[in-house]
Amino acid sequence: MPAQIRLLEKEEIEEANYIWSQAFRRGRRGDSDWVDNTHGGTFTCGVWDQNGLQAVVVVCDYRVHLGAEVIAPMGGIGGVACLPASRGKGYAGDALRYALQQMRERGFYLSALFPFSWDYYRRFGWEWVGVRREYRVPTGILQVVPETGNVRAYRPEDRSALIATYTAFAQRYRGAFLRTDVAWDQILNSTEKEHTFTYVYEQDGRIEGYFTYRGGEEKETGLREWVALTPRAYRGLLGLLRRHEMQVEHFKWKAPADDPFWAFGYHWDIETSIEPATQGRVVDVPRALEAWRPAPSVCGRVVIHVVDDAAPWNTGTWQVSCEDRNVQVRPGTAEPQVTLDIQALSQAYYGTPDLDAVRNAGRLTVHDEAGYRLLRDLLHGPIMWINDSF
Ligand SMILES: CC(C)(COP(=O)(O)OP(=O)(O)OC[C@H]1O[C@@H](n2cnc3c(N)ncnc32)[C@H](O)[C@@H]1OP(=O)(O)O)[C@@H](O)C(=O)NCCC(=O)NCCS
């Protein structure tokens, strides 16, 4: 039995570092860098027993775009660890449940994490969201096109225009980070040991796309980010990859599921892998639904029943109504029209898989078709995409 579950004080972080060192750094001393690129509200939860601090979870204060209008506070779960002699006692699970309560109190109505095991976090309500493509492309099959003439090396004074390009791209999706200055420094700045190479596609005085990378090998180099707002920017930038033929045999980059790369000339030597982007969760059902902006045509009411074992405040029947793009959620008294668990609702809330796909997978029960259609239309919108990890 844990003696205490609470937030760590600043001066106790050293004890958490000891646990993280055992769990993630093979005993290497030093600080963990969890808080570096967050928005300031990061906190750490701990579980103590008679032997002192045994398990920790850090919740990073991130903000994510949910389409063009909403920026959601998202608790990014990291540093989940328990000392070996205390594993299997439920301590990490206790810390996660406590972290959920804390997130709710602080207004983080969404959460995401990069799991070591999908099963482990599914039990606490997180479920896979988003589909990530990764391309591996031989440089030699790409073509230099006239648009490649509009590609030039990035200059420090381009920074805000490049961030605006990223933001326009991020707003096409649900889940992409609103990055801090520190996060942008990590992406765009050179390090003591390596230069960063960034190229922008510029036309009519506007940056329409860019890619950036640091390091890599001759056999294969991964791009940190590839963003193109227009087909001409995409094609132009592909041509600049071709110009690297002497240094790099294959480029790899990650892309959302609706990325148009295949449209620019498919080739058998292109490899594309797909996998879930991350594991996400709605932490606070009423708040999350009320923050969402559905399409203007969505008008009506649906009663849903939600089951959430790890966050019991979500469990229950909710009446969800929508008018003029505003969603209102109240405890429901009528019979539910759709019953679903928090994992299924979280997937649909993030937009990938959408509610129809969740239903096709047998992950929800429909009691009333009209209610189902309203919920589906209400959650309809951009697909999920994230190009940061933590
Ligand atoms: C993962 C970890 C945090 C679990 O801590 P814990 O306090 O033992 O967790 P809980 O007691 O809440 O849950 C234990 C249960 O988790 C599940 N579990 C543990 N490791 C698992 C794994 N690798 N894959 C799937 N499930 C796992 C098991 O069902 C286990 O139950 P059991 O004791 O009946 O076998 C701990 O093993 C750890 O610190 N590992 C090293 C650090 C790490 O990899 N953290 C994850 C970062 S995302």
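Okay, housekeeping before the tour. Residues are numbered from 1 along each chain, as its sequence is written. Because the model is predicted, local features need pLDDT of at least 70, side-chain atom pairs count only at pLDDT 80 or more, and totals for chains, interfaces and linings use all residues.

Let's start inside. The largest nonpolar core has 102 residues. By that I mean buried Ala, Val, Leu, Ile, Met, Phe, Trp, Tyr and Cys residues joined through C-beta atoms within 7 Å; buried means 20 or more other C-beta atoms within 10 Å of a residue's own, with C-beta atoms placed from the backbone. Which members touch the most others? Those are V57, A95, L110 and L237. Strand β3, residues 52-66, gives the most to this core, with 9 residues. Strands here are DSSP runs of E, at least two residues, and helices are runs of H or I, at least four, numbered from the N terminus.

Now the ligand. There are 17 residues around the ligand, and R87, G88, A92, G93 and S117 come nearest; the cut-off is a C-beta atom, placed from the backbone, within 6 Å. Strand β4 and helices α2 and α3 each give two or more residues to that shell.

Last stop, a sheet. Five strands run in the order β17-β16-β15-β18-β19, an open sheet with mixed pairing. Pairing takes at least two DSSP bridges. At the edges sit β17 and β19, each pairing on one side only. Further in, β15 and β16 are antiparallel over 7 bridges, and H305 stands opposite T317 in β16.

Conventions
Buried ≥ 20, exposed ≤ 12 C-beta atoms within 10 Å, placed from the backbone.
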